[in-house]
Structures are given as structure tokens and as C-alpha cells.
Amino acid sequence: MSSATTFYDFEPVDKKGNTYDLSQVKGKVILVVNTASKCGFTPQFKGLETLWQSVKAKHPEDFLIIGFPCNQFGSQDPGSNDEIQEFCQVNYGVTFPVLGKTDVNGNNASPLWNWLKESQPGILGLKRIKWNFEKFLISADGKVVGRWASTTKPEGLEATILQEIEKGQKAGTLASVAKAKEGAVEGETAKLA
């Protein structure tokens, strides 16, 4: 999708092979992670789930983690989408969305991942994903505002995510802020009626 200007313009594939329309999560701050089930970094699922629960407890409508399984690095996610889902839930209690397996590099790379890499190149300007568990932070208005290597522990990103949520609150771009404004307008309209 070359005309895409924000994260929310993409429609990757979910675990069932259906379109996962990212416009449904518009207005949330999102952490995007390419995941794998048989990698040295796989225990980061626990850290991701801890991070998800912690931020969600403070801002239930304003944050989401989305996992994108990828088998391009050492064939470390060879299972089917169903096997990957079961692995994540049974071994790490994952409750955030883990979508369908996707390519993040090469000729068959997902348009979303091409856009992420273009928006926030890696070290030395490289426009490729180096390994499993690279992380991208998406602002409430759908722009890439951060990128971290596989070695960055998810728990260490909480303060940055909370700052991004605060920015979205101040700018009025968070879904919860827009919803509150909408409710206030409806309330004023009802009073006038």
C-alpha cells in the first residue's frame, strides 16, 4: 500500500488468514514486535505481556501490543498460526494480539513492515530487520516514533510508552480523548434539545 501515510492505513493478515484492519485500533499507542517461538529472545513474550498488563491497567483504551510472528531468522517460528497462538498462550500467557505469520524482509515482505523500516531505519540507516523481537512504537496519530533492537527488554520501554500516551492526551489524538470529547458534545447537544 504505497499510498499509506499512517500505521492505521494497513491491513495485515490475522491468525486465521483474514484481514486485520488496523484502522480499528486508530488512536492507540502501539508497540509492534516481530516475534518467534524458538528464539533466544522468545522469553521476551513474558516481558511483553507484563508491559501490556501494566500499561493497560493505567490506560485501558490507549495502548496495544501487536505481535507479528516471522520465520525468516533461523527458521525460528516454523509452526502454523494455530501452533504459534497456542505456544504464546500456554507458555507465556500472552493476551495481546499475535497476528498471522509474516515476512518482514525481502521481496515478500509485508507492506506494513516495508513502511515501518522506511519510516524508522535501523542503525546506520539500514532498512531491514536484523532479527526477531525488534520493536517499533507507533504514536496515537499513526507515526513511527521509536525503534529498538532485539536486545532491548520490553519492560524497559514502559516510561517511553507512557510519555507517548501523555503526548497523545495533550494533542487530543488518543482514542479515549476523542471519545470523551464526543461524549461531551453529545451531552451538550442533549441539554440543548
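A: Start at the end of helix H4: the residue that follows H4 is Gly 172, with a positive phi near 75 degrees. Helices here are DSSP runs of H or I with at least four residues, strands are runs of E with at least two, and both are numbered from the N terminus. The model is predicted: local features need pLDDT of at least 70, side-chain atom pairs count only at pLDDT 80 or more, and totals for chains, interfaces and linings use all residues. Residues are numbered from 1 along each chain as its sequence is written, and side-chain values use heavy atoms, with hydrogens and water left out.

Now the helix itself. H4 covers residues 158–171, which makes 14 residues. At 1.5 Å a residue, H4 should span 20 Å, and its end C-alpha atoms are 20 Å apart, so the two values agree. The expected span is 1.5 Å times one less than the number of residues.

Next, the buried side. Glu 158, Ile 161, Glu 164, Ile 165 and Gly 168 of H4 are buried (under 20% relative accessible area; exposed is over 50%, partly exposed lies in between, with a 1.4 Å probe and protein chains only). Seen down the axis of H4, these buried residues fall within an arc of 125 degrees, so they line one face of the helix. The arc is taken from the directions that run from the helix axis to the C-beta atoms.

What does that face pack against? The buried residues of H4 pack against strand S1, helix H1 (44–58), strand S2 (63–69), strand S3 (135–138) and strand S4 (144–148). Strand S1 spans 29–35. Contact means heavy atoms within 4.5 Å.

Turn to the other face. Away from its buried side, H4 carries the exposed residues Gln 163, Lys 167, Lys 170 and Ala 171. Lys 167 has a relative accessible area of 52%. Lys 170 has one of 69%.

Both lysines form salt bridges (a side-chain nitrogen of Lys or Arg within 4 Å of a carboxyl oxygen of Asp or Glu). Side chains of opposite charge can pair when their charged atoms come close. Lys 167 pairs with Glu 164, and their closest N and O atoms are 3.7 Å apart. Lys 167 and Glu 164 are three residues apart in H4, so about one helical turn separates them. Glu 164 is buried, at a relative accessible area of 10%, whereas Lys 167 is exposed.

Lys 170 pairs with Glu 166, with the closest N and O atoms 3.3 Å apart. Glu 166 and Lys 170 are four residues apart in H4, so they too are separated by about one helical turn. Glu 166 counts as partly exposed, at 43% relative accessibility.

The structure holds five salt bridges. Another of them joins Lys 127 to Glu 118, the closest N and O atoms being 3.7 Å apart. Lys 127 is partly exposed at 44%, and Glu 118 is exposed at 52%.

Finally, look at H1, one of the elements that the buried residues of H4 pack against. In H1, Phe 45, Lys 46 and Glu 49 meet Phe 87, Cys 88 and Tyr 92 of helix H2. H2 covers residues 81–92.

Technical notes. Axes fitted to C-alpha atoms, helices over the stretch in contact; angles between N-to-C directions.
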